[in-house]
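Please look over the sequence and the model together before reading on. The explanation below is meant to be followed with both in view.

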Amino acid sequence: MQINLTGHHVEITEALRDYVDNKFAKLERHFDHINNVHVILNVEKLLQKAEATLHLNGGEVFATSEHQDMYAAIDGLIDKLDRQVIKHKEKLRSH
């Protein structure tokens, strides 16, 4: 799984990059056919925003999350993506 991390108005530190890598490793345990991930971290005044696009076998999954803390926004993003990936996996299994 290749993770592309982009920051808009925020500097991507090594700690932030490691945090994102560890969280996406959790997603890979649920569904191992994740090809590419594009993560955008954005700061808009007091709001921290994280969004991601996952390229899977059989489709794409997109989610976004906003919070006042960047780490909390990433956690919310992973939770949303986790639910969507599990739903996608069940759809593939049912067909």
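Predicted model: local features only at pLDDT ≥ 70, side-chain atom pairs only at ≥ 80, totals over all residues.

Residues are numbered from 1 along each chain as its sequence is written, and side-chain values use heavy atoms, with hydrogens and water left out.

Helices and strands are here DSSP runs numbered from the N terminus (helices are H or I with at least four residues, strands are E with at least two). Strand 1 pairs with strand 2, residues 34–44, in the parallel sense over seven bridges, where two strands count as paired if DSSP finds at least two bridges between them. Within this pairing, Gly7 has Leu41 of strand 2 as its bridge partner. Together with helix 1, strand 1 and strand 2 make a left-handed β-α-β unit; a crossover would be right-handed if, with the strands pointing away from the viewer, the path from the first strand over the helix to the second ran clockwise.

Strand 2 is also joined to strand 3, residues 47–56, by ten bridges, and these two strands run antiparallel. Val37 has its bridge partner, Leu54, in strand 3. The hairpin of strand 2 and strand 3 has two residues between the strands, and in this hairpin Lys45 takes a positive phi near 55°.

Val10 is placed in the loop between strand 1 (2–8) and helix 1 (14–30). Leaving aside neighbours within four places in sequence, Val10 is in contact with Leu41 and Val43, contact meaning heavy atoms within 4.5 Å. Val10 and Val43 are 33 residues apart along the chain, yet their C-alpha atoms are separated by 6.4 Å. With a relative accessible area of 24%, Val10 is partly exposed, a class that lies between buried (under 20%) and exposed (over 50%), using a 1.4 Å probe and protein chains only.

His88, in helix 2 (residues 70–94), is by contrast buried, at a relative accessible area of 14%. Beyond its neighbours within four places in sequence, the contacts of His88 include Phe31, Leu56 and Asn57.

The structure holds one aromatic pair. The ring centres of Tyr19 and Tyr71 are 4.7 Å apart and the planes are at 90°, so the pair is edge-to-face; rings of Phe, Tyr and Trp (its six-membered ring) pair if their centres lie within 6.5 Å, with planes under 30 degrees apart counted as stacked, over 60 as edge-to-face and the rest as tilted. Because Tyr19 lies in helix 1 and Tyr71 in helix 2, the pair ties together parts that are 52 residues apart in sequence.
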